[in-house]
Amino acid sequence: MSSSQPLDLRLPTPGCYADPERAGIDADAVFDGMTEHLFFTLGKLASTASLHDLYMALSYAVRDRLMTRYLASQEAIRARPQKTVAYLSAEFLIGPQLNNNLLNLGIQKEAEEALRRFGIESLGHILEVEEEPGLGNGGLGRLAACYMESLASLQVPAIGYGIRYEFGIFNQLIRNGWQVEVTDKWLKGGWPWELPQPDEACFVGFGGRTESYIDDKSNYRSRWIPAENAIGIPHDVPVLGYRVNSCNRLRLWRADATESFDFYAFNIGDYYGAVEEKVGSETLSKVLYPNDGTDEGRRLRLKQQHFFVSCSLQDMVRSLERRGIPVEDFQKHWTVQLNDTHPAIAVAELMRLLIDDHHFAWEKAWEITTSSVAYTNHTLLPEALEKWDLSLFKSLLPRHLELIYEINRRFLQQIRLRYPGNDSILRKLSIIDEEGGKAVRMAHLATIGAHHVNGVAALHSDLIKRQLLPEFAKLWPKKFTNVTNGVTPRRWVALANPELSDLLDQEIGPDWITNMELLTKLEGKAKDSSFLEVFDSTKLSCKRKLAGYIHRQTGVLVDPSSMFDVQVKRIHQYKRQHLNALQVIAQYLRIKNGKASGMAPRTVIFGGKAAPGYFMAKLIIRFINGIAEMINADPDMDGRLRVVFLPDYNVKLGEQVYPATDLSEQISTAGKEASGTGNMKFAMNGALTIGTLDGANVEIRERVGPENFFLFGKTESEIMELRNNNYSPKQCLQDSPELSEAIRLVELGHFSNGDTELFRPILDNLTGNDPFFVMADFDDYLRAQDNVSKAWANRQEWNRMSLLNTARSGFFSSDRSIRDYCNTIWEVTPLHVDITCDVN
């Protein structure tokens, strides 16, 4: 086909969009693509281009190479319609995109060669320039990102739906030991990975009223007349699978006003009023998780959830109509996965669209909804199971509340028939919480409206059925299932740990990256001392890199040969960073008291953000930094103990931390962590775990072997027993001399420059009710840490245990998780995408 011939879109092979000038993947083609984008897209000459310019040019050149696969994947689903996964999530912590796309295309070396022609000797210099997308915060968003990558790698058609946050959550600074939040302006330099689609905008209503009417078929109906509207503009982000043609998309909604500027208001001098609607509407996609400690914050949060859910469901319905598929076949073409309770309004919104817009009868609409929606629960914490005040809900979503009342009425009628005269169970199961101020229970709405409800680790799923939703589980036992979380080995091993990745390629071949069970072949090397030395050398190399980063960012010098003991995750009391901090104080006191014989030299590394309105979590950060300041300034600690808090922990930093870790701290209170995914990333990279029987720790310990896991702490049932039998943290204090001495040192202001009140809230919490049983687990935790030191003393044995953690971590690949979802919940199959052209 000559360059002058138009592309024949009627070609029999779906997705034939191979432009040889923009699809080439050798170094010459990448260089030419960069040169073209520097000149025509960025308006720059190579001689004056900055590192950021080169990053943008390379990213655009790589994006060109994604487009063939991206468009082919869309054409494939149009040509061969089948069920598509719609993954609804309030956050997608996707991390930097350039290197991930280079890896999945298989052109990292070609990109490096192209950069050398611009005088850039290392791809790493360009990768450092890339901003991390502010689209998520913690494990929930990172899990969603891993799942999107695995869906594409397994060639399963999928769209991730979320919000295009302009400012993300926040960047974290540490000033005088305190967390300081600053605006995350991640879009300030432009983001080359998104494709705005303004012609596919959706209207979303809020507030107003409903009115009844009789339609032309004499059916009684309701219509919603919103008081305000916003427009959702989709921005698509290509999500390429690993070395396949499948390229799914992340569709993120940006909010805009229906009328951006009021000329009348401007002309009469009301300058704020002239743009008030624009400002109000655009606030919907400004910030991830607005502080819900205020009425306005809660109002904005509910509006955000409805905004992206409504846009997404409208988009799904519209896609059926464009393809000539009847809306009544919705469940045959979409499986809608709710990633936690944030998108739970989808149950009511889908009903609204089907009944009000498409005039389905209630029974048919409910059949479609309950056949399409599935719900993943991610928490056992009551405060995290969203409930919305009834008056707030009614003021924002009056039609949805009517529908929820009707869903609830019909559901409770079934319960009355099953449990006649049992008002107690009606109150427990009702979507409307009647206790105190009336509220809408979103987890109940999701559970009633979903065909499956899954937990994210075996223990967690069991606790959902036994403790969180036992009446629902008894009512619908087959509805409840488990899919243990997983993480993508492409980002968390191949990208994050290239030296280990190369070693795995040499030893077991390159297929491990898509078949992690092949890692078990490494078990045959567990007694090979020369191989263990090479394996250990990859770890030491990563530790040296992290040590350099720590010094540049914090000024603290750490010894790469010391044990890197790491706890990086969102700061929360149940995750018990303060338990770790207390054991650090105990180790410090042992050294000061001359009782540290056999103690391994350690660098204890913390990282994570606290929610802006979470006072205790922010105080824990201050506590850790107070301890670090004292320990790092004490010459007695030299070569024995260092403490570091890494500011602004994110995916980019995680790629340095996970490969460099020797000991992974997974120390949450048993029964509180749903699963965790950091624990899996650490294990894949050869870290040993010290942890409780909580979340996925249980399964990690089973897989890697109890002898390769440092277990401590009360079990979930023992915690329940303590709670039910007047647990006394003060008794724990009296029974533990080391705990008592550590607490006393804090009370004296030793880690707060003599201020005896600064950490008083932490002390009162621990010695008062100790809600997360820190005091109860302290002595056993210290015992387990002593076992860690003993194991570290025999480095060959430690390396053997480390290797076995990597070798047995294959189960925790997100590829396995996605296969589980496909087989047990979604009932979807892969769709092969062909990008070849037959133009004879």
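## Sheet, cores and a surface patch

Three strands build an open sheet in the order β13-β15-β14, with antiparallel pairing. Strands pair if DSSP finds at least two bridges between them. Helices (H or I, at least four residues) and strands (E, at least two) are DSSP runs, numbered from the N terminus. β13 (387-389) and β14 (432-433) are the edge strands, each pairing on one side only. Two bridges join β14 to β15. Ile-432 has Val-440 in β15 as its bridge partner.

This is a predicted model: local features need pLDDT of at least 70, side-chain atom pairs count only at pLDDT 80 or more, and totals for chains, interfaces and linings use all residues. Residues are numbered from 1 along each chain as its sequence is written, and side-chain values use heavy atoms, without hydrogens and water.

A nonpolar core is a set of buried Ala, Val, Leu, Ile, Met, Phe, Trp, Tyr and Cys residues joined through side-chain atoms within 4.5 Å. Buried means under 20% relative accessible area (1.4 Å probe, protein chains only).

| Core | Size | Residues include |
|---|---|---|
| Largest | 151 residues | Leu-88, Phe-330, Phe-393, Trp-826 |
| Another | 66 residues | Met-599, Ile-627, Ile-719, Trp-798 |

Phe-39, Phe-40 and Leu-45 make a nonpolar surface patch of about 370 Å². Patch residues have over 30% relative accessible area and no salt bridge, with nonpolar side chains joined within 5 Å. A salt bridge puts a side-chain nitrogen of Lys or Arg within 4 Å of a carboxyl oxygen of Asp or Glu. Leu-45 sits in the loop between α2 (27-41) and α3.

Terms used
Buried < 20%, exposed > 50% of the residue type's maximum accessible area, 1.4 Å probe, protein only. Patch = residues over 30% accessible without salt bridge, like charges linked within 9 Å, V, L, I, M, F, W, Y side chains within 5 Å. Areas by Shrake-Rupley, 256 points an atom, 1.4 Å probe, with all protein chains shown as cover.
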